[in-house]
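Please look over the sequence and the structure below. The paragraphs after them start from a single residue and then turn to other parts of the chain.

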Amino acid sequence: MNEKSCSFHNEKELREEQVEGMSDGSSSQDKDSSALAAFRGIPISELKNHSLLQALRAEANGWEPAAVSAEVLRAQEEWEAVDTIQPDTGIFHFAPGSQASSDHPGQLVSFSEALQHFQTVDLSSFKKRIQPTIRRTGFAALRHCLFGPPKLHQGLREERDLVLTIAQCGLDSQDPMHGRVLQTIYKKLTGSKFDCALHGDHWEDLGFQGANPATDLRGAGFLALLHLLYLVMDSKTLPMALEILRLSRHHIQFPFCLMSVNITRIAIQALREECLSRECNRQQKVIPVVNSFYAATFLRLAHVWRTQKKTISDSGFVLKDLEALAKKSPRRLLRTLEIYLARVSKGQASLLGSQKHCGPQGHNSKDLTFTGVCDLQPHSSEGAGLI
């Protein structure tokens, strides 16, 4: 064999080896191309009868998904349980029904649900501290017996004692229900969808004196928070609460939540002095009457504050006069609340009137000193009376 013939055979073998090497890497590509070519020219109605499609369908029917590890399933369940994440604090809030929902509920709580919590827990140690009625002696006792309000019906005294007992309870950060009440108040007043820390400057923005709301509950206990909860969770009184909050942030500013605590103190005293007994006996209820009395007194405070242009230095005297009026004419206050709420529902009532809302930037609440009912000095004669 000559050299040309040998060279030709070598080149042919080399080309065949190269073709074989390339066929391994492009076999799937060739199959796809040949399958595509096989389908061309076949009517759509006949495709279902094609042997290749039938083979692919048979293969798909026998397909089973790969097994998922237990670790992946557990991670997926934990991720689905996460509802929201609180910015900056890193607090996770879990969706309802998850295992951690009791620890981080992130859900609003109604007034009736919170009240039921206190009806079911043991409050015997707090109940020992209460004085259901004011003790009167001498001429004061005789005058009250002859001209004072009627006594509370026997069947309503247990409900009255529950109200006064809750007023002896402090804020317990370890109790999940206490935390939920605080979170609900914060969310309803601010419109936030996220939970907040139980301590922080955001509570000062709502009118507490410090970063810990528990320090401002002196004399009213957890009842002060229940009253705020009632105010924001009732659809009729929520607009009023938000309007009073806006008024408190006006240029004639006052601490909203701290003022609310003082209104609760007035309600407690009115209940103990039997000023609300007549209305409680009429309605055969105590808690709804006390709640409405609290809301009506808060409304009266806001009205006086705006119309008489009061300032923070007048707070103690305003509250003192307000307490005297509320105890003397509770029914008139309740009637005023009914009229106001009816007008609000029709869009006809406003505490702010034509005044502009300056927002929380108007004044810094940290620079203001608030005087409550308990801090008022009796020798001072300043302050405007309520008409």
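Apart from its neighbours within four places in sequence, phenylalanine 254 is in contact with Ile244, Leu247, Ser248, Met259, Trp305 and Ile312, a contact being heavy atoms within 4.5 Å. The model is a predicted one, in which local features need pLDDT of at least 70 and side-chain atom pairs count only at pLDDT 80 or more, while totals for chains, interfaces and linings use all residues. Residues are numbered from 1 along each chain as its sequence is written, and side-chain values use heavy atoms, with hydrogens and water left out.

Phenylalanine 254 sits in the loop that runs between α13 (238-248) and α14 (256-272). Helices (H or I, at least four residues) and strands (E, at least two) are DSSP runs numbered from the N terminus. Phenylalanine 254 counts as buried because its relative accessibility is 3%; buried means under 20% relative accessible area, exposed over 50%, and partly exposed in between, with a 1.4 Å probe and protein chains only. Its C-alpha atom is separated by 7.6 Å from that of glycine 207, 47 residues apart along the chain.

For the chain as a whole, the secondary structure comes to 18 helices and two strands. Of the 387 residues, 40% are buried. Among contacts with a separation of 6 or more, 73% are between residues 24 or more positions apart.

Lysine 187, in helix α10 (residues 176-190), is also counted as buried, because its relative accessibility is 8%. The side chains of lysine 187 and aspartate 195 are joined by a polar contact of 2.6 Å. Such a contact is a pair of N or O atoms within 3.5 Å; within protein, one must be able to donate a hydrogen and the other to accept it, and residues adjacent in sequence count only if both atoms are side-chain atoms.

Two cysteines are worth a look as well. Cysteine 257 is buried because its relative accessibility is 1%, and cysteine 275 is buried because its value is 17%. A search of the whole structure for disulfides (pairs of cysteine sulfur atoms within 2.5 Å) finds zero.

The last topic is the lining of the largest cavity. α6 (111-120), α9 (157-166), α12 (223-233) and α16 (287-307) each supply at least two of its residues. A cavity is a set of points on a 1 Å grid over the protein atoms alone where a 1.4 Å probe fits but cannot get out, and lining residues have an atom within 4 Å of a point. The lining includes Phe111, His227 and Asn291.

Key:
1 Å grid on protein atoms, 1.4 Å probe; cavity = no way out; pocket = protein on both sides within 12 Å on 5 of 7 lines; lining within 4 Å.
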